[in-house]
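Reader: Please show me the sequence and the structure. I would then like to ask some questions.

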Amino acid sequence: MANITRSPWLLHYDGSSCNGCDIEVLACLTPVYDAERFGIINTGDPMQADIFLITGGVNEQNMPVVKQLYEQMPEPKVVVAVGVCACTGGVFKDCYNIIGGADVAIPVDIYVPGCAARPQAIIDGIVKAVALFQERAQKSEKEVDKVG
Amino acid sequence: MGKRSVIPFGPQHPVLPEPIHLDLVVEDEKIVEAIPSIGFVHRGLESLIDKRDFNQLTYVVERTCGICSFQHGMGYCECVEHIFDVEVPRRARFLRTIWAELSRMHSHLLWAGLLADAFGYENLFYQCWRIREKVLDLHELTAGGRVIFSVNKVGGVIKDIDEDKLKVILDTIKDIEKELKVISKTFFKDYSVQSRLKGVGILTPEQINALGAVGPMARASGVSNDMRSLGYAAYDEIDFEPVVSNDCDCYARCYVRIMEIFQSIDIIRQAIDKIPKEDELAAVIKGNPNGEYFMRLEQPRGEAFYYVKANGKPNLQRMRVRTPTFANVPALCEMLKNTEVADVGILVVTIDPCISCTER
Ligand code: SF4
């Protein structure tokens, strides 16, 4: 049986965010907003994570880190870009050290707008990510069945 | 004598909300040396002076750091106001003080939560963040945003806090004070908390002065420096004493920050008491700035410098920020020497690192 019975685990990495989105992501996991009620657990380990939440844009130095974290995650996986910085580069787009949003390094599935993104919006993004994750897990399960 | 080896710490690490990388040289579980490497969050924010004019820059500066966003905006605006030599209306100065202290409360509560998380006390972490949400609700009520609320502008503030809202603030901080008293007991008296914090990461006042540490780090080692006593915004009309402890360890840093939340509550009460009833919200600004100014202010993490230089054009010539974490990193590296690997997480958290400020 594939992953669908499992709760998706979440990995959060701060690209070059200003912290605004970062602490809002953390706030989502604490009692008032409580994203954990959707069966999500925040983990620090990419090898156990299914959903990758990234805040902030990508620069020269963190590009390899972001890519490596993404590659270490097992399939299927979903990437959520939180905040306009992670979507496009945001206010820092014109800075010399920002290459762009998270999608210049890794494929992004869900974009959560806002500066800072509100917890409600982040939770909305996470819920969408969970659905997408289930869908992908089911698909890969079918493929496994076909081969097997 | 064991063999030396190097353990990498970060940039992505469970106790770290932000990327900083340390190479820890260890010998038998004891740290011999810590070598920091930074640059993961560098954006090049100061270079935006070429592309944004001095008014637009307020919004960029606020995004130096999402936690002390308001105070960054305030530091920048006061600098430019001094160059223009305009007097900020008294009500605006008091409003700035109120917002600045609210953001100090939210920052310190956030830190207390992260500390609790670092020593594995999940419940306490949640309690701190639950209380913090009340402060964020006040931000939202008064300014419309939760963490980045852009109410500063060169000359004053954009929004007013009316009487009803001031009353809500007073009621809410009363609640917060009550709940904080309960959790502060755990921080100060709990056996397991003390065993993780007491006597760990000692920094003597001499080391603090030599390494130039600032803010709660310095105050926890008996060095009483608090830039608020310089009297920017409306602090000159407010009566307060810096919170100082002489224990020099992690426990002292925790004590200082938690007592500062109570102090902020007191400052907000004084400010609401003294705030003038009817006043303008902002002074009129004409033309472009010409000249330079340098200002120091006390952010939740310590002293920050702002330097602005302008030559009569809409775009500034230079804008420079030095943030408190930058001043505290040498102290952190000194503190890490001769400690256990297991304490690294806590030690890093007790300087309250804000990497995105540091690297901008
Ligand atoms: S989107 Fe705004 S709040 Fe979020 S990291 Fe970027 S600048 Fe900060």
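Reader: How many of the 29 residues of α3(B) are buried?
Author: This is a predicted model, in which local features need pLDDT of at least 70, side-chain atom pairs count only at pLDDT 80 or more, and totals for chains, interfaces and linings use all residues. Residues are numbered from 1 along each chain as its sequence is written, chains are lettered from A and ligands numbered from 1 in the order in which they are written, and side-chain values use heavy atoms, with hydrogens and water left out. Buried means under 20% relative accessible area, exposed over 50%, and partly exposed in between, with a 1.4 Å probe and protein chains only. The helix α3(B) is mostly covered, and its count of buried residues is 27.

Reader: Which helix gives the most to the lining of the second largest pocket?
Author: A pocket is an open set of points on a 1 Å grid over the protein atoms alone, where a 1.4 Å probe fits, with protein on both sides within 12 Å along at least five of seven lines; lining residues have an atom within 4 Å of a point. In chain B, α2 (69–84) and α3 (90–118) each supply at least two residues of this lining. With three residues, the helix that gives the most is α2(B).

Reader: How many residues of that second largest pocket's lining are charged?
Author: Asp, Glu, Lys and Arg count as charged, Ala, Val, Leu, Ile, Met, Phe, Trp, Tyr, Cys and Pro as nonpolar, and the others, Gly among them, as polar. The lining includes B:Glu78, B:Arg93 and B:Asp236. It has four nonpolar and two polar residues, and the charged ones number six.

Reader: Is B:Asp85 buried or exposed?
Author: B:Asp85 lies in the loop between α2 and α3 of chain B. Its phi is positive, about 60 degrees, although it is not a glycine. With a relative accessible area of 67%, B:Asp85 is exposed.

Reader: And B:Ser150, buried or exposed?
Author: B:Ser150 sits in the loop between α4 (122–143) and β4 (152–153) of chain B, and has a positive phi of about 35 degrees. At 18% relative accessibility, B:Ser150 counts as buried.

Conventions:
Helix = DSSP H or I, 4+ residues; strand = E, 2+ residues; numbered from the N terminus.
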